[in-house]
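Please read it alongside the sequence and the coordinates.

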Amino acid sequence: QVHVVESGGGLVQAGGSLRLSCAASGRTFSTYSMGWFRQAPGKEREFVASISWTRLTYYSDSVKGRFTISRDNAKNTVYLQMNSLQPEDTAVYYCAAKLRSEAAFSSWGQGTQVTVSS
């Protein structure tokens with residue numbers, strides 16, 4: 001099991017930016033796919049963005065063009081740069097890892113709160 005820890009959440013005004021970080025354990029981080037998900041109050045957890053071990057990126061339609069996912073394999077870290085934040089982006093953001101042998105994301109962090117005020 002991979003241990004992942006998110007950081008970087010906080011309170012920001014609408015139109016502002018935040019960068020989330022996710023540090024993952026393991027000596028084979030470069031082979032993990034990493035993803036960001038979020039869960040708003042009263043809603044189900046939803047996919048936000050992911051990056052494969054080959055650096056292919058995927059985004060939900062709701063964040064495409066505003067959020068950017070990236071990874072630094074030397075630091076075992078994945079980032080989510082969030083620009084033009086809106087109140088509807090308010091949620092707990094979770095980082096997750098998927099090993100190459102797995103079909104789904106299986107290692108999850110505790111989450112970091114992002115609150116966007118209007």
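Two strands count as paired here if DSSP finds at least two bridges between them. The model is predicted. An open sheet of four strands, in the order S1-S3-S8-S7, shows antiparallel pairing. The structure also holds four salt bridges, and Arg-38, Glu-46, Arg-66 and Asp-89 are linked in a network of such bridges.

**The four-stranded sheet**

- The strand order of this open sheet is S1-S3-S8-S7, and the pairing is antiparallel. S1 and S7 stand at the edges with a single partner strand each, so one side of each has no neighbour in the sheet. On average, neighbouring strands of the sheet are turned by 15° against each other, with direction ignored.
- S1 (residues 4-7) and S3 (residues 18-24) run antiparallel and are joined by four bridges. Val-5 has Ala-23 in S3 as its bridge partner.
- S3 and S8 also run antiparallel, joined by six bridges. Leu-18 has Met-82 in S8 as its bridge partner.
- Side chains alternate along S1.
- In general, strands of a sheet pair through backbone hydrogen bonds, in parallel or antiparallel fashion.

**Salt bridges**

- Side chains of opposite charge can pair when their charged atoms come close.
- Arg-38 and Glu-46 meet through their side chains in a salt bridge of 2.6 Å, N to O. Arg-38 counts as buried because its relative accessibility is 6%, under the 20% limit. Glu-46, with a relative accessible area of 35%, is partly exposed.
- Arg-38 also forms a salt bridge with Asp-89, where the closest N and O atoms are 2.9 Å apart. Asp-89 lies in the loop between S8 and strand S9 (91-98) and Arg-38 in strand S4 (residues 33-39), so this pair ties together parts that are 51 residues apart in sequence. Both Asp-89 and Arg-38 are buried.
- Lys-64 and Asp-61 form a salt bridge through their side chains, at 3.3 Å from N to O. Asp-61 is exposed, with a relative accessible area of 68%.

- Ala-97 is found in strand S9 and is buried, with a relative accessible area of 0%.
- Ala-97 and Trp-36 are 61 residues apart in sequence, while their C-alpha atoms are 9.1 Å apart in space.
- Setting aside neighbours within four places in sequence, the residues in contact with Ala-97 include Val-2, Val-4, Ser-33 and Met-34. Also in contact with Ala-97 are Glu-102, Phe-105, Ser-106 and Ser-107.

**Loop residues with positive phi**

- Arg-55 lies in the loop between strand S5 (46-51) and strand S6 (57-59). Phi of Arg-55 is near 70°, a positive value in a residue other than glycine. With 45% relative accessibility, Arg-55 counts as partly exposed.
- Asn-76 is placed in the loop between strand S7 (67-72) and strand S8 (77-82). Although Asn-76 is not a glycine, its phi is positive, at about 50°.

Conventions: Residues are numbered from 1 along each chain as its sequence is written. This is a predicted model: local features need pLDDT of at least 70, side-chain atom pairs count only at pLDDT 80 or more; totals for chains, interfaces and linings use all residues. Side-chain values use heavy atoms; hydrogens and water are left out. Buried means under 20% relative accessible area, exposed over 50%, partly exposed in between (1.4 Å probe, protein chains only). Helices (H or I, at least four residues) and strands (E, at least two) are DSSP runs, numbered from the N terminus. Contact means heavy atoms within 4.5 Å. Axes are lines fitted to C-alpha atoms, for helices over the stretch in contact, and angles run from 0 to 180 degrees between N-to-C directions.
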